[in-house]
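I opened a new page for a structure I had not looked at before. I wanted its layout, its surface and its charged pairs.

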Amino acid sequence: MLDQLNIQVENPVAVLDQEEAKKFLCGKAEDKYNFFSKATELERMDRAYASLADNIIDMKEAEDRISDSLTPKKETVQALKREWEQFQELDELEEKVAEMRVQAIWAKRNEVQDKSDTAQEVSLFFLLGGGNGYYPCI
């Protein structure tokens, strides 16, 4: 019935007996303000705001703690990122070295092929009777 009629028993205005009415009329300004704050639920709202302010302070402190705990982890991530970049550079250098080795092998092969071609030409020259008895140093 109280819920259906929206009667708030803890609200002093809803149930104001004669004794409370005398206190209100003859009371101090502070008592009247307390009565007013209870009647308008300002006191409850004030407690709720104070609780929210405490929660905000607690959350900010938790955020600071978490942020402080993340700082070393961020530094670790940065160090690992630098190390990863160095490994990537090393891989690129290894690829270049392998490519240079292939080029060096082909250069050596071409050099040997050129010498072989020159030797073959000289021997063919002598086999065909060229040179009139003159044998150049090879």
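My entries follow, going from the overall layout to single residues.

**Entry 1: layout.** I noted at the start that this is a predicted model. I looked up the elements. The protein has four helices and zero strands. Read from the N terminus, the order is α-α-α-α. Helix 4 covers residues 42–127. Helix 3 covers residues 29–39, and helix 2 covers 18–26.

**Entry 2: burial and surface.** How much of the protein counts as buried? I found 4% of its 138 residues. The protein exposes about 12,800 Å². Carbon and sulfur atoms supply 58% of that area.

**Entry 3: helix 3.** Which residues of helix 3 are buried? I wrote down F35, S37 and A39. Next I checked what covers these buried residues. The cover includes helix 2 and helix 4. I also looked at what comes after helix 3. There I found E41, with a positive phi near 60 degrees.

**Entry 4: nonpolar patch.** Y33, F36, L42, M45, Y49 and L52 make a nonpolar patch of about 610 Å². Which helices supply it? Helix 3 and helix 4 each give at least two residues. Helix 4 has the largest share, with four residues. M45 sits in helix 4. Its relative accessibility is 33%, so M45 counts as partly exposed. The cut-offs for that class are 20% and 50%.

**Entry 5: negative patch.** A negative patch is formed by E85, E89, D91, E92, E94, E95 and E99. I followed up D91, one of these residues. D91 is in helix 4. Is D91 buried, partly exposed or exposed? At 43% relative accessibility, D91 counts as partly exposed.

**Entry 6: salt bridges.** How many salt bridges does the structure hold? I counted two.

I took the pair R47 and E43 to begin with. R47 forms a salt bridge with E43, and their closest N and O atoms are 3.0 Å apart. Both residues lie in helix 4. They are four residues apart, about one turn of the helix.

Then I took E111 and K115. Their side chains meet in a salt bridge at 3.8 Å, N to O. Why are E111 and K115 separated by about one helical turn? Because they are four residues apart in helix 4. I looked up the accessibility of both partners. E111 is at 39%, so it counts as partly exposed. K115 is at 57%, so K115 counts as exposed.

**Entry 7: helix 4 in review.** I went back over my notes on this helix. Helix 4 holds R47 and E43, and also E111 and K115. Helix 4 gives four residues to the nonpolar patch. Helix 4 is also part of the cover over the buried residues of helix 3.

Notes. Residues are numbered from 1 along each chain as its sequence is written. This is a predicted model: local features need pLDDT of at least 70, side-chain atom pairs count only at pLDDT 80 or more; totals for chains, interfaces and linings use all residues. Side-chain values use heavy atoms; hydrogens and water are left out. Patches are made of residues with over 30% relative accessible area and no salt bridge: like charges are joined within 9 Å, nonpolar side chains (Val, Leu, Ile, Met, Phe, Trp, Tyr) within 5 Å. Accessible areas come from the Shrake-Rupley method with a 1.4 Å probe; for residues, only the protein chains shown count as cover. A salt bridge is a side-chain nitrogen of Lys or Arg within 4 Å of a carboxyl oxygen of Asp or Glu. Lys and Arg count as positive and Asp and Glu as negative; His and the chain ends are not counted. The place of a charge is taken as NZ of Lys, CZ of Arg, CG of Asp or CD of Glu. Buried means under 20% relative accessible area, exposed over 50%, partly exposed in between (1.4 Å probe, protein chains only). Contact means heavy atoms within 4.5 Å.
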